[in-house]
Amino acid sequence: MQPTSSIQFSPTPNPDAVICAGCARFTILDECVIRMEYDQEQRFEDRPSQVFWYRNQPVPKFSRQLEGDWLTIETNALKLRYNLNKRFTPGFLEIELKNTGTTWHVGDADHMNLKGTCRTLDSFAGAVELGQGLISKSGWSVIDDSKSLVFDESGWLRPRHRSLSSQDLYFFGFGRHYLDALKAYQRLSGKPEMLPRFAFGNWWSRFWPYTQDELLWLMQDFLTFQIPLSVCVVDMDWHITKTGNQSSGWTGYTWNKELFPDPDLFIDELHQLKLKTTLNLHPAEGIHPHEEVYEAMSLAMDQEPALKKPVEFDIASKQFTKAYFDLIHHPMEDRGVDFWWLDWQQGTKTKTEGLDPLFWLNHLHYYDLGRKTSKRPFIFSRWPGLGGHRYPIGFSGDTVTSWESLAFQPYFTATAANVGFGWWSHDIGGHYQGIEEAELYLRWVQFGVFSPILRLHSTNNAWNERRPWGYDYNTLEYAGEAMRLRHALIPLIYTANRRNALEGEPMLLPMYYNWPDESSAYICPNQYQFCQQLVVSPFVQRTDPETGLSRQPVWLPRGDWYHFQSGEYYRGNSWYGYYGRLGDVPVFARSGAIIPLSNDGPINGADIPKHLLVKVFGGKNNNFELYEDDGETQRYKNGAYCVTDLVWQNSENHFIFTKSASKGHFKGMPMSRIWEFEFIGLTRPESLELSSDQGIHSINFSYDEDRHAILVGPIESKADNDFSIRITGSEPIKESADLTARVRYIIDHARLPTRVKEVVMQRLPLVMTNPALFTDLFHEFAPTQLLAFFEAIFNQQDKPIVASATTAYSLMMSEITKLLKS
């Protein structure tokens with residue numbers, strides 16, 4: 001077992017940051033963060049708690065002043081007032097946010113909190129109540145750490161000394177600088193380490209009693225359909241479930257040889273297919289006599305094996321925990337198991353008061369897997385509460401298969417950033433119950449592409465289908481396309497993985513992080529930023545039978561935006577009703593976005609690509625640092641990685657894209673690459689010029705009129721060389737699709753009489769001068785059709801539109817009236 005004492009805690013603050021005032025102690029951890037402790041015995045806590053490990057921070061500038069019984073502490077951002085020797089109660093402790101004038105008092109309810117996350121979505125069909133987060137429109141949040149356990153010198157969690165009056169509060173007052181608050185929290189609590197590269201590919205999982213041959217054949221089927229995978233999850237039937245004793249069979253550590261006659265060969269063949277594997281664990285029932293490891297575990301726990309007494313699961317015991325890892329898990333890892341799925345659902349108590357077994361299992365398994373530098377610490381488990389962001393990745397539990405479940409997950413996934421938890425993995429397609437629908441499955445897969453982890457999963461019901469080819473041809477085509485895109489996105493996602501580990505910035509962020517002063521940013525819950533440069537608002541409702549399309553309200557902030565697939569231009573600071581077909585996904589790239597994609601083709605695993613396709617959108621200047629390392633070991637901590645700068649510059653009459661020489665090196669790094677480019681959202685250029693170590697010369701290109709895209713390449717370049725592409729005579733596209741194209745798109749798909757379609761298109765050229773020409777046709781339109789027609793004509797809105805018959809008709813008539821008056 002990896003001793004957690006090896007963690008480099010730094011819990012004791014700089015003495016210069018500490019102010020003692022009788023029974024109270026204040027620690028200035030940041031100009032916007034103050035720790036406040038109260039204890040009648042003045043026994044203050046300097047050991048690392050479950051949440052806060054790194055209190056030794058640079059001391060910010062602050063002042064203190066004592067006037068009578070009142071202590072005032074002031075930083076550049078905060079002003080604290082405390083009445084000496086009083087317990088922290090309203091009237092005796094307050095903090096003012098100097099920039100806003102907002103004053104917090106102990107006990108204030110934070111009604112403007114933007115929420116965090118929850119332990120699990122088990123059994124829910126739709127929304128669940130989320131806990132409080134660190135981010136609030138009020139500008140402040142408070143973490144009460146009074147009851148959390150603390151680590152002793154051996155790295156084991158123990159209850160802290162507490163009297164009934166003890167208080168340990170952390171005040172965060174960052175106003176609406178939300179990302180700053182999140183980063184400060186992680187400076188104090190710790191950041192997750194880099195996830196292995198394979199985590200970002202497609203995962204297959206199903207609760208089903210496969211034989212090893214059946215599961216390997218299934219993996220071959222994915223290859224046949226050219227759908228890449230990186231992980232094969234083996235649910236609980238890998239082990240014996242019919243135990244012949246009092247064990248229910250949910251807990252198990254012995255391979256079921258009826259299903260897996262040769263486990264070593266099975267794992268080896270998965271690895272040959274470039275797939276990692278994880279085994280499901282339900283450890284709550286301990287180790288029973290049918291297990292191969294029973295005798296060794298009994299002896300390790302000072303039990304007599306002949307008595308056949310089960311070895312009790314006791315993760316709070318050092319003796320049990322050492323044997324649990326050394327005798328059970330390490331030998332299986334030596335045989336090829338790559339990581340563990342901790343499927344803990346059995347309560348929140350252990351023999352140590354206040355110790356949640358889920359938190360402790362996550363902590364121990366995470367650091368144990370990283371005990372050797374050949375692997376990175378990594379688990380797959382439910383969220384255990386604050387501090388749990390350090391132990392990625394999250395398993396959101398057994399959700400009900402329903403549109404309501406899908407509709408909640410984009411909000412749920414992005415909002416978890418508010419507690420620093422950026423790596424949720426959902427059962428894509430839903431786990432159980434509900435009604436299976438091809439479109440629901442497809443929309444879930446498309447959301448999965450733009451979520452932290454894409455893992456297909458369902459329960460052991462023959463009518464739960466998660467194979468992309470298990471529905472119909474369209475579902476196979478579009479789900480396969482989506483899953484291939486997911487693997488192509490790994491270079492972008494892996495760079496975001498690095499940013500998360502280095503800076504504490506999650507890959508998914510709610511819209512209000514970058515636009516905190518825009519009211520619209522708070523009312524688009526299913527929309528989020530993905531890897532900084534993209535805005536995603538996935539379809540979460542089935543296709544409307546009247547329009548023949550799915551609809552999703554989308555808010556795009558100020559600036560210029562381009563649809564990721566079609567290249568269509570959208571002006572920012574507007575709401576849109578986005579209508580899409582089965583293959584469409586509402587994903588938008590901001591102007592200047594540089595999106596590196598693997599172009600190696602649909603192959604398993606997550607190897608460093610030797611062939612890259614770079615998509616550049618619009619004309620705004622930007623710089624993207626492509627980060628790469630070996631993807632699996634911890635050698636990156638010692639500098640074994642490389643960064644390649646990709647720069648996009650807009651000058652007066654030309655654009656320049658530059659690929660700089662890669663900085664750094666790691667084992668397995670491609671020394672030469674083939675590059676291709678799509679410069680999207682630009683007019684047809686006059687010429688292109690390539691500058692490299694071979695000199696300067698003109699290069700050929702093609703132009704995609706539909707996407708307004710300049711296509712360039714292939715260009716072969718060594719890693720330590722740079723090159724640049726100069727585009728002359730081109731300008732950014734800043735016009736949306738014309739009125740005729742927008743309306744034609746809606747009319748083509750709508751379930752309308754052909755006579756009505758013909759009349760609409762005949763009259764359309766006169767719509768802006770005499771819109772009343774359409775009023776005699778309104779009775780032919782269903783409410784959703786009328787809304788779609790309205791949104792096609794009046795393309796941009798300053799607020800979201802609720803789809804209803806009354807709304808659609810009133811909006812249409814309102815706009816017609818305005819036009820007639822003008």
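I compared the length of helix 2 (residues 212–224) with expectation: at 1.5 Å a residue its 13 residues should span 18 Å, and its end C-alpha atoms are 18 Å apart, which agrees. The expected span is 1.5 Å times one less than the number of residues; helices (H or I, at least four residues) and strands (E, at least two) are DSSP runs numbered from the N terminus.

The model is predicted: local features need pLDDT of at least 70, side-chain atom pairs count only at pLDDT 80 or more, and totals for chains, interfaces and linings use all residues. Residues are numbered from 1 along each chain as its sequence is written, and side-chain values use heavy atoms, without hydrogens and water.

I looked up burial (buried is under 20% relative accessible area, exposed over 50%, partly exposed in between; 1.4 Å probe, protein chains only). In helix 2, Gln212, Leu215, Leu216, Leu218, Met219 and Phe222 are buried. They cover an arc of only 155° around the axis, which puts them on the same side of helix 2; the arc is that of the directions from the helix axis to the C-beta atoms. Trp217 and Thr224, on the other side, are exposed.

I then searched for aromatic pairs (Phe, Tyr and six-membered Trp rings with centres within 6.5 Å; planes under 30 degrees apart are stacked, over 60 edge-to-face, the rest tilted). The whole structure holds 73 of them. Tyr366 and Tyr367 form an edge-to-face pair, because their ring centres are 5.1 Å apart and their planes stand at 90°. Tyr366 is buried at 1% relative accessible area, and Tyr367 is buried at 15%.
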